[in-house]
Amino acid sequence: MHLLPTICTLLIVISATFVGFGWYHILKGNRATHRKLMLWGAASALLFFLLYVGRTIFVGNTSFGGPENIKTAYLIFLLCHIMLATTAGVFGIVTLLHAFNARFAKHKKIGRWTAVMWLLTAPTGVVVYVLLYIMYPGGDTKPVIDAIMGW
Ligand code: HEM
């Protein structure tokens, strides 16, 4: 059982589902529903982030346990996923700040990018999860704190 990675992946999928429906509702003109769904999307993304950082520090990151000949392709894919997720996270904060300050023209412009990036982060995250834990047995897991402290 890879409980934390499974929960983290589910949270990304749930968050992207909220964002997808939130976008749909603003296109229909339902502002209140849009607000509610996007805030739930942001909350589940935040929970994912906290669990992910906690796991990285105290449990560790798992290395790829699949065949050597696809390891480089996996690492490039992982890097794309991480860059996408990080950029989407930063864009998400800016999108929310524009919304809270009623700068809706700016919010709308950047919000589209945020939503697209987050909708791509979720499926790429699922692919990483499948490659790391389902298709192949995961490699070593080493906490960052061990590496920092030299334990
Ligand atoms: C990270 C969370 C959010 C994302 C990703 C997001 C995304 C978007 C997107 C993509 C649009 C434009 C839809 C389109 O025309 O294609 C939009 C519009 C809008 N959003 Fe959000 N939104 C978020 C949170 C919020 C929140 C919390 C509020 C309320 C405080 C809000 C209020 C609005 C309003 C009022 C519009 C319509 C703007 C207009 O038509 O001028 N959004 N949002």
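Visitor: Which residues make the nonpolar surface patch of about 540 Å²?
Guide: First the idea. Patches are made of residues with over 30% relative accessible area and no salt bridge; like charges are joined within 9 Å, and nonpolar side chains (Val, Leu, Ile, Met, Phe, Trp, Tyr) within 5 Å. A salt bridge is a side-chain nitrogen of Lys or Arg within 4 Å of a carboxyl oxygen of Asp or Glu. Areas come from the Shrake-Rupley method with a 1.4 Å probe; for residues, only the protein chains shown count as cover. Here the patch consists of Leu 46, Phe 49, Leu 50, Tyr 52, Val 53 and Ile 82. Note that this is a predicted model: local features need pLDDT of at least 70, side-chain atom pairs count only at pLDDT 80 or more, and totals for chains, interfaces and linings use all residues. Residues are numbered from 1 along each chain as its sequence is written, and side-chain values use heavy atoms, with hydrogens and water left out.

Visitor: Which element gives the largest share of the nonpolar patch?
Guide: Helices (H or I, at least four residues) and strands (E, at least two) are DSSP runs, numbered from the N terminus. Helix α2, residues 31-58, supplies five residues of the patch, the largest share.

Visitor: Is Phe 49 buried, partly exposed or exposed, and what about Phe 48?
Guide: Buried means under 20% relative accessible area, exposed over 50%, partly exposed in between (1.4 Å probe, protein chains only). Phe 49 lies in helix α2. It counts as partly exposed because its relative accessibility is 47%. Phe 48 lies in helix α2 too. At 13%, Phe 48 counts as buried.

Visitor: What does Phe 48 touch, leaving out residues up to four places away in sequence?
Guide: Contact means heavy atoms within 4.5 Å. By that rule Phe 48 touches Cys 8, Leu 11 and Ile 12. Phe 48 and Cys 8 are 40 residues apart along the chain, yet their C-alpha atoms are separated by 5.3 Å.

Visitor: Where is Thr 9, and what is in contact with it?
Guide: Thr 9 sits in helix α1, residues 3-27. Its relative accessibility is 15%, so Thr 9 counts as buried. Beyond neighbours within four places in sequence, Thr 9 is in contact with Gly 125, Val 126 and Tyr 129.

Visitor: Where is Asp 140, and is it buried or exposed?
Guide: Asp 140 is in the loop between α4 and β2 (141-142). At 65% relative accessibility, Asp 140 counts as exposed. Asp 140 touches Asn 61, Thr 62 and Ser 63, not counting residues up to four places away in sequence.
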